[in-house]
Amino acid sequence: MTINTPLRSLMNRLSQAVMKDDANPSPQLHYEVLQMIDQLRSAVESPTETVLRLIYQPPQNAAIRIVIELGIFDLLDRDTVLSATQLAKYTGAERDLIVRLMRVMVSLGLCGMSAPETYAANEKTVALTQPIGRDGLSCIFDLTLPTLSKLPEYMRSNGFSNPKDYALSPMQYAVGQSQFEWLASNPKQQRLFNSYMTSRREGRPMWFNVYPVERLFGHGVPFEDTTFLVDVGGNQGHDLGKFRQEYSHLPGRLVLQDLPEVVKGAACDGVEVMGHNFLDPQPVKGARAYYFRAIFHDWPDHICQRILRNTISAMARDYSRILIVDFVLSDTETPLMQGSIDIQMMSIGAGMERSQQQWERLLGSVGLEITGMWSQGPGMESVIEAVPMSS
Ligand SMILES: C[S@@+](CC[C@H](N)C(=O)[O-])C[C@H]1O[C@@H](n2cnc3c(N)ncnc32)[C@H](O)[C@@H]1O
């Protein structure tokens with residue numbers, strides 16, 4: 001391989017960025033370093049190598065899913081170093097199968113190898129024993145894979161039109177249900193999903209670290225006896241619990257809403273728990289804010305409009321705001337993760353990630369105007385604030 005000028009310049013920029021990030025870490029720099037590493041790999045790989053890497057991605061996730069189910073990451077985390085023979089004894093799986101699966105885990109860097117056919121835990125192993133890895137990977141694999149395998153067939157049979165109808169989503173086509181009905185009829189998967197929702201943004205900034213919460217105060221109306229925040233579709237209250245901790249002094253009710261079977265048993269100090277279907281009118285009137293995190297990306301526009309209208313009818317004209325936490329896709333450089341989640345959302349419920357223009361169109365179509373957008377960091381969700389347009 002020859003190191004040509006563009007490649008040399010990329011390597012120099014990368015090494016400078018890595019040193020800067022080391023000396024003075026920032027989410028922006030970290031993001032740029034990862035982008036450059038991807039570009040570097042692409043520049044070094046031959047086109048054939050790139051294609052082969054893509055072809056063989058699906059078996060990798062299937063192998064990880066099996067290794068999680070066998071509890072191998074937990075065993076490695078407990079004992080640090082284990083041989084294939086020991087893993088076979090502890091899991092009941094055949095030794096030769098363990099060797100084949102673990103080859104892939106080592107190559108993916110999800111554990112190390114301390115001797116032939118002997119595996120050592122590393123920090124990625126630990127992440128796969130935590131809810132984000134253990135529950136997230138299993139749940140999303142089981143929820144999505146059957147549909148993804150039929151996505152080309154679905155598109156072909158629909159003349160390659162963009163999925164827009166929840167009742168006709170690819171997941172309906174592939175398995176006869178969309179994501180939330182499927183989760184409701186698979187309690188074990190619902191538990192994994194809830195656990196993943198709780199864990200997936202651990203250690204990242206929360207919406208109230210980037211959004212100026214004081215925008216919700218004042219307006220000459222006391223909120224001591226009213227509702228401060230309703231977390232609509234808040235799952236089991238992980239976000240609201242954190243908000244309560246950070247703003248423990250704040251008066252006003254905090255209300256967690258989700259489907260009755262999802263909030264059953266959810267308990268957070270200082271938070272009122274309410275089973276509510278957001279396809280019905282919002283029963284909590286005049287809250288300071290109605291907060292929706294990772295809700296609208298699950299749904300096509302026609303359902304989002306229904307959820308928004310159900311909310312607008314409960315808002316106090318002088319002070320209620322809608323807060324949406326979701327991706328705002330760039331028109332030029334979409335991070336791979338966001339593009340991939342968009343395809344996932346399209347598949348499991350005809351949902352979508354939206355660009356700024358798409359958000360403006362959606363919110364404008366129900367009479368809302370965007371009054372601000374705050375970014376949580378590169379490649380991460382933004383906070384969108386919207387209020388009814390003044391007539
Ligand atoms: C992608 S999760 C987001 C959860 C949480 N807001 C977060 O960001 O972690 C979507 C949530 O919407 C809830 N949900 C789905 N359909 C609903 C409905 N019709 N009414 C109320 N909640 C619903 C789900 O149960 C789930 O908790």
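This is a predicted model: local features need pLDDT of at least 70, side-chain atom pairs count only at pLDDT 80 or more; totals for chains, interfaces and linings use all residues.
**Entry 1: a cut-off, then Glu117**

Is glutamate 117 buried, exposed or partly exposed? I looked up its relative accessibility and found 30%, so glutamate 117 counts as partly exposed. I checked its backbone as well: phi is positive, about 60°, although the residue is not a glycine. On the chain, I find glutamate 117 in the loop between strand S2 (112-115) and strand S3 (118-120).

**Entry 2: Phe160**

Next I turned to phenylalanine 160, another non-glycine residue with a positive phi, here about 55°. Where does phenylalanine 160 sit? I placed it in the loop between helix H9 (131-157) and helix H10 (170-175). Its relative accessible area came up as 62%, so I note phenylalanine 160 as exposed.

**Entry 3: the second largest pocket**

I moved on to the second largest pocket and noted a volume of about 300 Å³. Which residues lie nearest its centre? I wrote down Asn162, Pro163, Met352, Glu353 and Gln358, from a lining of 18 residues.

The largest share comes from H18, with three residues.

**Entry 4: stepping back to the whole protein**

How many helices and strands does the protein have? I have 18 helices and 12 strands in my notes. The radius of gyration is 23 Å, close to the 21 Å that the globule rule gives for 391 residues, so I can call the protein as compact as a globular protein of that length. Along the principal axes, I see the C-alpha atoms filling a box of roughly 70 × 55 × 50 Å.

I looked up burial too: 46% of the 391 residues are buried. For contacts with a separation of 6 or more, I noted that 64% join residues 24 or more positions apart.

Last, I took down the surface: the protein exposes about 19,700 Å², and carbon and sulfur atoms supply 54% of that area.

Notes
Residues are numbered from 1 along each chain as its sequence is written. Side-chain values use heavy atoms; hydrogens and water are left out. On a 1 Å grid over the protein atoms alone, a cavity is a set of points where a 1.4 Å probe fits but cannot get out, and a pocket is an open set with protein on both sides within 12 Å along at least five of seven lines; lining residues have an atom within 4 Å of a point. Grid points are joined across faces, edges and corners, and a volume is the space filled by probe spheres set on the points. Helices (H or I, at least four residues) and strands (E, at least two) are DSSP runs, numbered from the N terminus. Buried means under 20% relative accessible area, exposed over 50%, partly exposed in between (1.4 Å probe, protein chains only). The radius of gyration is taken over C-alpha atoms; the globule rule is 2.2 Å times the number of residues to the power 0.38. Contact means heavy atoms within 4.5 Å. Accessible areas come from the Shrake-Rupley method with a 1.4 Å probe; for residues, only the protein chains shown count as cover.
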